[in-house]
Amino acid sequence: MSVSAIIETIGLQLRDLRGQLLDLLFPPRCVGCRQIGAWICTECLSQIPRVEPPFCARCGDRVTTEGLCTRCRNAPLRIERIRSAAYFGGILQEAIHHLKYRGRTALAKPLGGLMATYWQQHPMAADVIVPVPLHADRLRERGYNQAALLAHELARQTRLAVDEQTLVRKRATASQIKLDAKQRKENVHDAFCCSGGSLAGKRVLLVDDVCTTGATLEACAVALEESGALSVQALTLARAQ
Ligand SMILES: [Zn+2]
Ligand SMILES: [Zn+2]
């Protein structure tokens, strides 16, 4: 074994040890029931309400009868379809908060697993998964893109490829939390573009953590279609009710 290989092995072992020590000092606690052992326990994960039909065939909003919702009948979205694995709120809202703002990146595995289960039950024709990008400044600040973490977990379980280079958020946008539907649309209008044509001719599956009005996904879909994507659908972990 060469000296550099030995140093690398020691480095890896030290990193493992550091992780184990941190887990010992600050053991993972379930974001739902606070039980020690995992960031979300299997019991709490199973209690998250999954999206059930009937929902709009296009945007995935709740509807009373099968078909299109009023919005999609009047002004259909460019994006072909939006689907979500579960409803936003309660334990899932807490888990997404920890994933996004508290550095609990390990939550991407069970939460991405929810998306993979949805996809396995309702497959969507896709060649490549594209996570909704963060602006470069936000990515630097947070250190990771939660949508990309979910995308990689979904990819691992579905064997689809991930492209997180081509779609770019070129403009930093205000937080959508306090905006109404019209303001959300204006906020993200023209905020995305594609660098290079590697998604041309591809069927894209966009991935994000939460869908509220679909404005962000729609703005991404416009940019992807303008750069030649064959079709754009989206799967989000959660959907606002
Ligand atoms: Zn729990
Ligand atoms: Zn709709």
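**Close-up views of a predicted model**

**View 1. Helix 8 and helix 9 cross in a right-handed way.** A crossing is right-handed if the near helix is turned clockwise from the far one by less than a right angle, and left-handed if anticlockwise. Helices are DSSP runs of H or I with at least four residues, strands are runs of E with at least two, and both are numbered from the N terminus. The contact uses Arg184, Lys185 and Val188 of helix 8, and Ala215, Thr216 and Ala219 of helix 9. Two residues are in contact if their C-beta atoms, placed from the backbone, lie within 7 Å. This is a predicted model, in which local features need pLDDT of at least 70, side-chain atom pairs count only at pLDDT 80 or more, and totals for chains, interfaces and linings use all residues. Residues are numbered from 1 along each chain as its sequence is written.

**View 2. Ala155 sits in helix 7 (residues 146-158).** Ala155 is partly exposed, because 19 other C-beta atoms lie within 10 Å. The cut-offs are 20 or more for buried, 12 or fewer for exposed, and in between for partly exposed. Beyond its neighbours within four places in sequence, Ala155 touches Ile129, Leu160, Ala161 and Val162 in contacts.

**View 3. Ala155 and Ile129 are 26 residues apart along the chain.** Their C-alpha atoms are separated by 7.2 Å.

**View 4. The protein has nine helices and seven strands.** Buried residues make up 33% of its 241 residues. Its C-alpha atoms fill a box of roughly 65 × 40 × 35 Å, taken along the principal axes.

Definitions and conventions:
Chains lettered and ligands numbered in written order.
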